[in-house]
Amino acid sequence: MDSILLLAQLLLFALSALGVATSDWMRAAPEQHSLENLRNIALSLALMLLVSRLRPQWALQTARPIFLLSLGLLLANLLIGFGPGSERRFIDLPFTSFNIQASELAKLAVVLYLAAFFHNKPTDYPIIGPILAISLAAGLIIASPDLDTGLFVLLLSGFLLIVIGVPWRRLLAIGLAAWVLALSVSGLYLHRFEKVRDRFEGWSTYISGRVDELSPEVIRGPLYQITQAHKIIVNAGPFGQGVGSRMPNLPESHNDFILASIIWSGGWLAGFMVLLAWWLILARGLQIAANLEGAQSVLALGLTLYLVLQAALNIAAVIGTVPIGGSPLPMVSMGGNSMLMAGVAMGLLQALSREAFAGQSKTRKQEAHP
């Protein structure tokens, strides 16, 4: 096992347990989530251990079926999915208490698909196929409607292709496809994105200091989350208030805004530990990618970007530097689907780490026993 990745993952799991327990102690907390979160952590850890024992080649060989499965689930989501308000984000699994969030699988499937596509192909290879496939996945997610996640899939794909070294003329095609997709979807679904509009309006007005111009609905909604999170972070102090100290009310304090819950109990020091864990994953993931070649290197890079980019967007939203997007903090937020997909991604990184440093391990053994 890669000790650096394992240490970072266990640290994030511990901070997740702290944050959810703090949320359970929040004033007027609607329900308790700690036991469910511990179950999700255990399942994610088990998945990581299982996937880490497999050879990473299986992920490349099954990338296309996994991507097609994600497209099928996204389409089924539009037909039989459910969620808050008019949103369709979850599909119930028959005879179980579990549900599937197809968009979480799609994030991982896009990384696998791109890594498998560039296997034995130059970066200048025509990429109209991936452009159409990724645009279709993003379009189905946006139609659910989940604009934030759809844009994240496009952003993740663009970042990965840039780092791989795909020429700019190819990347412009991706941008054009995304723009056409946005134009085609906006006319049909614009009225369903009022939440996104309110979030952006609340964020932009808050950072400009013009709170008096906001409507009461925005003040009670997205702006309330931002202001409450900032009050909690500021009042937590360097070492926090402890788990037993009742935190002021904060919607989604166990999920999207769990960073504020962690800081309330553990202080700014705990917030620094979250950043440290993600820095370790980023640095180690890039090191693994640098020690691999071909599709495996692309896969390691894509998995690292998938996890770290999502974490960066969540942290930035909580501290107010970007609008609230609804992205969970991987391996920390309570969401079961996000936790499980992150476990699979970390397991693949563990397997890729074993491949990347296998030669170094053999060399050290030979030097120790000449």
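1. Let's start with the helix pair: H5 (residues 102-117) packs against H13 (residues 294-319) at an angle of about 155 degrees, and their axes are 8 Å apart. Angles over 145 degrees count as roughly antiparallel, so that is how H5 runs relative to H13. As for handedness, H5 passes H13 in a right-handed crossing.

2. Who makes the contact? On the H5 side you'll find Glu104, Lys107, Leu108, Val111, Leu112 and Ala115. H13 answers with Ala295, Val298, Leu299, Gly302, Leu303, Tyr306 and Gln310. Sorted by class, the contact of H5 with H13 has nine nonpolar residues, plus two polar and two charged ones.

3. Keep in mind that this is a predicted model. The mean pLDDT of the protein is 83, with 79% of its residues at 70 or more. Which elements sit at the two ends of the confidence scale? Helix H12 (residues 258-290) has the highest mean pLDDT among the elements, at 96, while helix H10 (residues 216-220) has the lowest, at 52.

4. On to the rings: searching the whole structure turns up two aromatic pairs. One of them joins Phe67 and Tyr113, and their rings are stacked, at 4.6 Å centre to centre with 20 degrees between the planes. Planes under 30 degrees apart count as stacked, hence the label for this pair.

Definitions and conventions
Residues are numbered from 1 along each chain as its sequence is written. This is a predicted model: local features need pLDDT of at least 70, side-chain atom pairs count only at pLDDT 80 or more; totals for chains, interfaces and linings use all residues. Side-chain values use heavy atoms; hydrogens and water are left out. pLDDT is the predictor's confidence in each residue, from 0 to 100. Helices (H or I, at least four residues) and strands (E, at least two) are DSSP runs, numbered from the N terminus. Axes are lines fitted to C-alpha atoms, for helices over the stretch in contact, and angles run from 0 to 180 degrees between N-to-C directions. Angles under 35 degrees count as roughly parallel, over 145 as roughly antiparallel, 65 to 115 as roughly perpendicular and the rest as oblique. A crossing is left-handed if the near helix is turned anticlockwise from the far one by less than a right angle, and right-handed if clockwise. Contact means heavy atoms within 4.5 Å. Ala, Val, Leu, Ile, Met, Phe, Trp, Tyr, Cys and Pro count as nonpolar, Asp, Glu, Lys and Arg as charged, and the others, Gly among them, as polar. Rings of Phe, Tyr and Trp (its six-membered ring) pair if their centres lie within 6.5 Å; planes under 30 degrees apart count as stacked, over 60 as edge-to-face and the rest as tilted.
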